[in-house]
Amino acid sequence: MAKKAHKPTVVEKKLVGVADVVITAAEKRKDPTLTIPVRALSNVTFNERKGLIEMGKRKQARSFFNMAMAKKFMQTVLVADALAELQRANLTTSLREIYYRTKHTIKNSHENTLDTQDESDPIIEDLEVSLAALREELHVRAENAGSIVGPVVFVDDGDRVDCTRLGKGGYSVPSIVEPEYLQIARCTADFVLLVEKGTQWNRLSEDKFWRRYNCVLLTGNGQPPRGVRRLARRLHEEKSLPVYVLVDNDPWGYYIYSVIKQGSINLAFESQRMAIPKAKFIGLSSADPEAYGLPRNVGIKLNEKDTARAKELLNYNWFQKKPWQEEIKRMLSSGLKYELDALANKDFQYLTKRYLPRKLKEKDWLD
Amino acid sequence: MATATAAAVAPKRASEAPKTVTAVEMGARQREISVSEFFTKNRHLLGFDNPRKALLTCVKEAVDNALDACEEAGILPDVLVKVEVVGDAPASQATRFRVTVADNGPGIVRKQIPPIFAKLLYGSKFHRLRMSRGQQGIGISAAGMYAQLTTGKPVHIISRTSARAAAHDFEVQIDTKKNEPRILSEKQIEWDARRGTQVSMEIEGRYQKGRASVDEYIEQTVISNPHVTLTYVTPEGETKKYPRTYDQLPPTPREIKPHPYGIEFGMLLKMLHDTSSHSLTGFLACDFSRVSPPVAEEIRKTAGLSPRARPRDIHGHAAENLFKAIQSTKIMAPTTNCLSPIGERAILAGLYKQIKGEFYTAVTRPPAVYRGNPFVIEAGLAYGKSPDQAQPATTKAEPLAEGEKHDTDDELARIIRYANRVPLQYQPAACAITKSALDTSWRNYGLTQSRGALPGGPMVIFVHMASVWVPFTSESKEAIADYDEIRKEMALALNECGRRLRAFLRRRERAHSEHRRRNIFELYIEEIVESCNRLKGGKLQTAKLKDQLQKMANRITGGEKTDAALGRNGSGPEGLPHSIIVTPEGVEGEVPVLAADAAPVAATNGAVAHAKTDDKVRPLPRAKKATTLRKKKKK
């Protein structure tokens with residue numbers, strides 16, 4: 001058959017392994033069971049030496065002949081099937097398309113295999129973890145939700161992309177930035193500045209901050225997607241650029257920084273190639289309002305959720321350094337959070353012209 | 001003062017000036033109003049507001065009378081109701097109907113026929129404190145008067161008291177001025193029926209199905225009177241037969257004397273005047289219930305009246321003192337043997353027969369008292385869709401799109417209200433029954449309920465109030481008045497029903513999930529095998545894998561555990577008293593046994609039925625097939 005010509009990839013073999021689990025178990029009259037590493041705070045450890053969050057060894061069993069898991073098991077096999085199909089066809093797709101591809105009515109019933117995308121997304125993550133295959137390797141991409149501008153040249157699908165010549169908008173970071181897909185042809189920048197918010201990135205880009213300070217400006221529009229994190233990591237690793245992170249002064253900003261630096265709890269298994277343990281927190285610090293004379297009235301009162309989240313952060317192993325404990329406690333005691341945008345209170349270009357220059361000059365950052 | 005214009009107007013005014021009328025002239029115009037005349041003008045008070053309701057009221061009054069008569073005579077009622085269209089319009093367009101109601105009751109003696117059917121406020125029930133459907137002696141003669149008023153046709157009656165007696169055939173009308181019957185024709189005829197009464201009248205009406213229709217009335221009457229065999233010939237010519245499901249007459253209610261607490265001042269005065277006793281204590285002890293001579297003496301002392309005072313001579317202030325004394329003396333609650341509740345078994349039988357469902361239960365509360373009147377509240381529930389109704393709904397269901405939910409069944413429960421076995425079909429909002437059903441927190445019993453609304457779900461809530469004197473909000477007897485004591489009893493009865501419903505729902509939920517357990521693996525196995533086959537590039541022996549998984553599924557689920565959860569191991573209907581549960585596999589509980597099926601068992605109900613567990617499950621014919629199949633499987 002024509003199919004024989006196709007040489008299965010490593011990932012495809014792993015996916016077929018899911019079917020083998022079922023077949024072997026059935027042969028032995030055992031309950032088919034997949035083991036999936038637990039993706040929760042309880043199963044991650046902070047490796048202080050490496051500065052990374054690592055996944056623990058705890059696994060959960062997902063068996064078919066268990067009422068609570070039967071459906072999930074069935075869905076897992078279905079998703080594995082769809083992912084294998086992608087491998088064979090050598091296509092990439094989105095999480096949403098996987099959901100539609102696997103959704104159908106179960107024969108002789110009115111039940112759907114999946115009801116919402118919320119059911120298929122975690123299954124894809126489960127497969128990533130248990131097969132030790134990266135999402136990119138599974139050919140699943142996320143939204144292009146990041147932008148980059150600065151003295152760096154990429155080769156994307158054979159096209160040279162010079163990020164100094166892309167105007168204010170910059171280059172939209174693809175979700176898969178592995179070397180096979182995107183090569184860094186040249187980079188003359190001195191450092192990478194990763195900005196939480198698109199608005200502040202726009203401000204810096206418009207003011208050509210990157211030209212003046214010879215840096216690469218990156219943003220992920222909120223919690224940075226994998227592509228942005230991976231690209232920052234590659235610039236850091238391959239071009240040895242220091243990475244500075246500029247986020248809002250609130251618990252969510254702190255957490256974004258920590259994800260960039262040590263990795264996330266949910267995707268702890270990917271920390272190895274995503275995390276940038278040497279990334280620095282440049283701002284907005286809870287000490288800044290005083291140091292930069294921001295008036296109290298541009299702050300926002302912490303709500304209950306903020307306070308609760310901040311208290312959680314205080315307990316995370318990777319926030320145990322003394323300056324960090326002080327930083328978070330200072331925010332809690334002030335009872336206020338500050339957005340980066342609040343700097344505009346002093347001047348529209350305050351961020352570009354005063355705040356960042358002074359931060360960089362004074363090396364005023366947290367590690 | 002007198003300008004030109006004023007002068008011009010003045011004479012005109014003089015002619016319009018109020019004419020003075022002398023007392024003599026007024027006196028000439030003052031005369032007695034006959035009751036019949038009064039009701040001719042105020043027919044809405046008796047339920048003849050509009051043609052549709054009038055048709056219902058005529059049927060209702062005639063049927064009430066027939067049933068009351070049969071029960072009092074100790075005869076199991078056999079009633080025929082026939083509504084015919086007069087003229088050739090289709091039933092839904094017709095404006096004239098002939099209503100005929102025939103019973104197998106004791107019949108009426110010749111002399112009494114004219115006044116019963118053609119004299120308002122004539123009857124046997126008004127002067128007695130006894131539970132009966134009719135209370136005032138207005139109903140049937142008012143219906144006759146309505147016929148006379150709208151079509152001019154007389155009421156036609158045939159009655160026979162026994163096989164040996166002659167059958168009398170009368171045509172009567174009311175002389176509305178005198179409130180006296182006018183006999184248009186009277187003859188003796190040959191009649192097929194050995195005993196009974198048939199009344200028929202031609203009226204203006206409107207026949208429309210649905211809420212508060214004759215059809216609904218008949219159906220609801222059958223529920224509350226399962227001991228009645230009823231044949232209903234609809235205006236469309238269809239004959240509906242409702243055979244009796246319970247072959248015991250309700251116990252004959254006893255007549256009681258009024259309880260002192262229930263009496264009003266005017267009534268007391270009248271009784272004082274009418275009594276045959278010569279002493280006050282004698283009057284109190286003889287004419288009231290629950291007043292013993294010592295209690296009578298105590299009342300007399302409290303009222304400060306002389307032991308020699310003659311009841312006839314107690315007026316004004318003394319009477320008022322007596323009235324107050326009665327209220328302040330502690331008197332035993334009235335006897336309750338004057339009541340004849342329907343009974344749990346009979347309600348169950350009625351609901352089961354008339355309403356299709358999965359679960360039935362009935363509660364009869366112990367008697368209670370409001371304003372000196374004893375009463376009993378009974379409640380029942382018929383819940384769910386019967387298995388044969390439920391199936392077509394699931395087969396046409398379609399798979400759901402994202403965000404869609406499974407059939408949002410926004411059907412609400414329906415209340416059926418009864419007073420002394422008579423269905424109440426109008427003014428639900430004014431009725432204490434509706435209020436009680438709304439106030440019950442059905443959520444506690446596993447149903448949905450929005451604020452201030454009836455619970456959701458296919459359910460019929462049955463509430464019956466039996467009393468010697470049902471407090472209606474109006475003469476047309478449409479809604480029960482709101483007394484705290486009555487509301488409390490209703491709430492207690494409904495709560496008990498709710499608790500049983502909850503037990504049933506829990507059990508069904510368990511059975512359902514076990515059932516699902518069985519199915520779910522089978523469904524998913526199919527999916528998994530197909531996916532595995534694709535993963536393996538289509539080279540899998542699918543049948544083999546499927547078989548292996550299937551065997552495991554059977555081993556893991558099923559067997560005893562599922563049977564237990566489905567209640568198939570004879571565990572009975574959850575120990576729920578007076579309940580019936582219907583499942584596709586059969587029927588459990590106190591299923592009514594039709595007279596034809598097994599007379600001896602029915603006669604000795606409860607005791608025998610509970611002695612052997614086998615007897616508990618008494619499947620009806622429709623369930624038999626399933627039961628025999630099951631037995632085979634077990635082997």
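**A walk through chains A and B**

Chain A has 13 helices and 17 strands. Those are DSSP runs, numbered from the N terminus: helices are H or I with at least four residues, strands are E with at least two. This is a predicted model, where local features need pLDDT of at least 70, side-chain atom pairs count only at pLDDT 80 or more, and totals for chains, interfaces and linings use all residues. Residues are numbered from 1 along each chain as its sequence is written, while chains are lettered from A and ligands numbered from 1 in the order in which they are written.

Let's start with chain A overall. Of its 367 residues, 42% are buried. Buried means 20 or more other C-beta atoms within 10 Å of the residue's own; exposed means 12 or fewer; partly exposed is in between; the C-beta atoms are placed from the backbone. Now contacts, meaning C-beta atoms, placed from the backbone, within 7 Å. Take the contacts in chain A between residues at least 6 apart in sequence: 70% of them join residues at least 24 apart.

Next, a sheet. Strands of a sheet pair through backbone hydrogen bonds, either parallel or antiparallel. Here, three strands of chain A form an open sheet in the order 9-8-11, with antiparallel pairing. Strand 9 (159-162) and strand 11 (182-187) of chain A are at the edges; each has a single partner strand, so one side of each has no neighbour in the sheet. From one strand to the next, the twist averages 25 degrees. Axes are lines fitted to C-alpha atoms, for helices over the stretch in contact, and angles run from 0 to 180 degrees between N-to-C directions.

How many bridges join strand 8 of chain A to strand 11 of chain A? Five, and strand 8 covers residues 152-156. To count as a pair, two strands need at least two bridges found by DSSP. Within this pairing, A:Val152 sits opposite A:Cys187 of strand 11.

Now the backbone. Most residues other than glycine have a negative phi, and most peptide bonds are trans. The bond from A:Gly283 to A:Leu284 is cis, with omega near -5 degrees. A:Leu284 is in the loop between strand 15 (280-283) and helix 10 (288-291) of chain A.

Two residues with positive phi remain. A:Lys363, not a glycine, has phi near 50 degrees. A:Lys363 lies in the segment after helix 13 (350-362) of chain A. Over in chain B, B:Asn179 has a positive phi of about 55 degrees. B:Asn179 is in the loop between strand 4 (167-175) and strand 5 (180-189) of chain B.

Which of them is buried or exposed? A:Lys363 is exposed, with 8 other C-beta atoms within 10 Å. B:Asn179 is buried, with 21 C-beta neighbours inside 10 Å.

Methods:
Two residues are in contact if their C-beta atoms, placed from the backbone, lie within 7 Å.
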